[in-house]
Amino acid sequence: MKFIDLFAGLGGFHQALSKRGADCVFASELNSHLSNLYFKNFGIKPHGDIRNVDLKSIPDHDILCAGFPCQPFSKAGDQKGLECPQWGNLFDYVVEILKLKKPRYFIIENVPNLIKHDDGKTWETICAKLREDYDIDFTKLSPHMFGIPQKRERAFIVGDRKGLDGFDWRKPEELPEISVHSILDDDPADAHSLNNNHIKYLETWQEFVASFPSDEDLPTFPIWAMEFGADYPIDGPTPYKLGYKGLGEFKGAFGVPLKGLSPEDVEGALPGYARTELDAFPDWKIDFIQKNRDFYVRHKELIDGWLHKIKDFPPSFQKLEWNCKGSERDIWKHLLQFRASGIRVKKMDTAPSLIAMTTSQVPIVAWHKRYMTPRECSRLQSMGELEFLPDSKNGAYKAFGNAVNVDVVLHIYDSLINRTAPDCNKAERAVNMVA
């Protein structure tokens, strides 16, 4: 079985298929540092930008693997999709290679938002192009479904020129018990510790969590402390649309009176997210704000004695997401993630999804007051056997955030190749089963 690895990154597809005895005959990777790592790890020097490759020169192969850049389709990106001037047309190169080289199979991976992008129109376009020559199927899979302690859903499409009779994604009926402890090292020397400010922020929030009534669940919605005491209008035109005028009778963040303030000062007294230049707040934001205001009314006595401690924190640390319903109310016994949306507290069964946007969002092992190391993150992507990692931590975290999970690809490959469909070559299946 011969395969090509497009937009190869750290080589997740390569690691998976080589475990089944498949032979990589071509790879492409635009990032020169990742390209050099690919050569060091696998002995193959990837070609650079696929747009500069003579596609006819690509060797014949049995299976095409591609995780084309997700930025145009990600919720965190600009959402320009196939119209993105930098990355949007790369899928067309995948299609052109499929038409030129006619491999039997393909496996394509991308962010799950690709399915919903542009009200599903992008997905319809992609599937229509692939169906011209292939029988296709698609689904969303996450490493935690296969015993890896990371929830990171991704969209996958598979195709077979001879039909997908007998194909099944073979999703597990019951999820395995998992724990992040399985990928952690004991006292790793290269671990980056939380700084004193971060510890202060967490200790302050722990005080709040510990003092909350034991007979009531902590909120499942994000806690936005700046809404405690605020009552600026959220229905109708936004403060920006009003020019920050006519709000003198209201209170801004943390209950600061807006009376007598200039429009500029009114703007500064509102939470950052309330300064949106939209004509009206979206429904989801109105819902979050109202829930926080109602929460404050119910627990005003508890909150008022604590609130002053958090007012000078950076805005993202004035928010808390408690994703640990029913778990012990001790921040230091959970996994954490610092996000623009707030401090996220999660159970230790699965790590937060690795993302490539910013290294500040690397999962935090709270009980050790440190971030996960690059090697630990490699295990979250089933890449623990990878010998060479990026030289810098920032580069490593970004690369793992962009990578495809090896064990998930293995599962897909086995489901696609080793099936009992009549059109599948029996000898081919036997070779792969032995491999």
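The following conversation discusses a predicted model of one protein chain.

Reader: What does the secondary structure come to, in helices and strands?

Author: In this predicted model, the protein chain has 13 helices and 12 strands.

Reader: And what percentage of the residues is buried?

Author: Of the 435 residues in the protein chain, 52% are buried. As for contacts between residues at least 6 apart in sequence, 68% of them join residues at least 24 apart.

Reader: Let us turn to the core. How many residues has the largest nonpolar core, and which have the most contacts inside it?

Author: The largest nonpolar core comprises 103 residues, and W205, F208 and M372 have the most contacts within it. Helix α12, residues 406-417, supplies the largest share of this core, with 8 residues. Apart from it there is another core, made of 27 residues, including V53, I58, L114 and I126.

Reader: Which residues does M372 touch, sequence neighbours aside?

Author: Leaving out residues up to four places away in sequence, M372 touches V180, I183, L184, L335, A351, V362, P363, V365, C377, L380 and Y397.

Reader: Now the sheet with β7 and β12. In what order do its strands run?

Author: The order is β7-β8-β10-β9-β11-β12, an open sheet of 6 strands with mixed pairing.

Reader: Why is one side of β7 and of β12 left without a neighbour in the sheet?

Author: β7 (223-224) and β12 (370-371) stand at the edges and each has a single partner strand, so one side of each is left without a neighbour in the sheet.

Reader: And β9 with β10, parallel or antiparallel?

Author: Strand β9 (residues 335-339) and strand β10 (residues 342-346) are antiparallel, paired over 5 bridges. One example is Q337, whose bridge partner in β10 is R344.

Reader: What is R293 in contact with, beyond its sequence neighbours?

Author: With neighbours within four places in sequence set aside, R293 is in contact with E227, A230, D231, Y232 and I234.

Reader: Where is K251, and which residues does K251 touch?

Author: K251 is placed in the loop between β7 and α7 (263-269). Not counting residues up to four places away in sequence, K251 touches G229, A230, D231, Y232, V256, P257 and L258. Its relative accessibility is 39%, so K251 counts as partly exposed.

Reader: How far is K251 from L270?

Author: From C-alpha to C-alpha, K251 and L270 are 8.5 Å apart in space, and they are 19 residues apart in sequence.

Reader: L270 also lines the second largest pocket. What is the volume of that pocket, and which residues are closest to its centre?

Author: The second largest pocket holds about 180 Å³ of space. It is lined by 13 residues, and those closest to its centre are L270, P271, G272, R275 and Q318. The lining divides into 8 nonpolar, 3 polar and 2 charged residues.

Definitions and conventions:
Residues numbered from 1 in each chain as written. Predicted model: local features only at pLDDT ≥ 70, side-chain atom pairs only at ≥ 80, totals over all residues. Heavy atoms only, no water. Core = buried A, V, L, I, M, F, W, Y, C linked by side-chain atoms within 4.5 Å. Buried < 20%, exposed > 50% of the residue type's maximum accessible area, 1.4 Å probe, protein only. Helix = DSSP H or I, 4+ residues; strand = E, 2+ residues; numbered from the N terminus. Contact = heavy atoms within 4.5 Å. Pairing = 2+ DSSP bridges. 1 Å grid on protein atoms, 1.4 Å probe; cavity = no way out; pocket = protein on both sides within 12 Å on 5 of 7 lines; lining within 4 Å. Points joined across faces, edges and corners; volume = space filled by probe spheres on them. Nonpolar A, V, L, I, M, F, W, Y, C, P; charged D, E, K, R; others polar.
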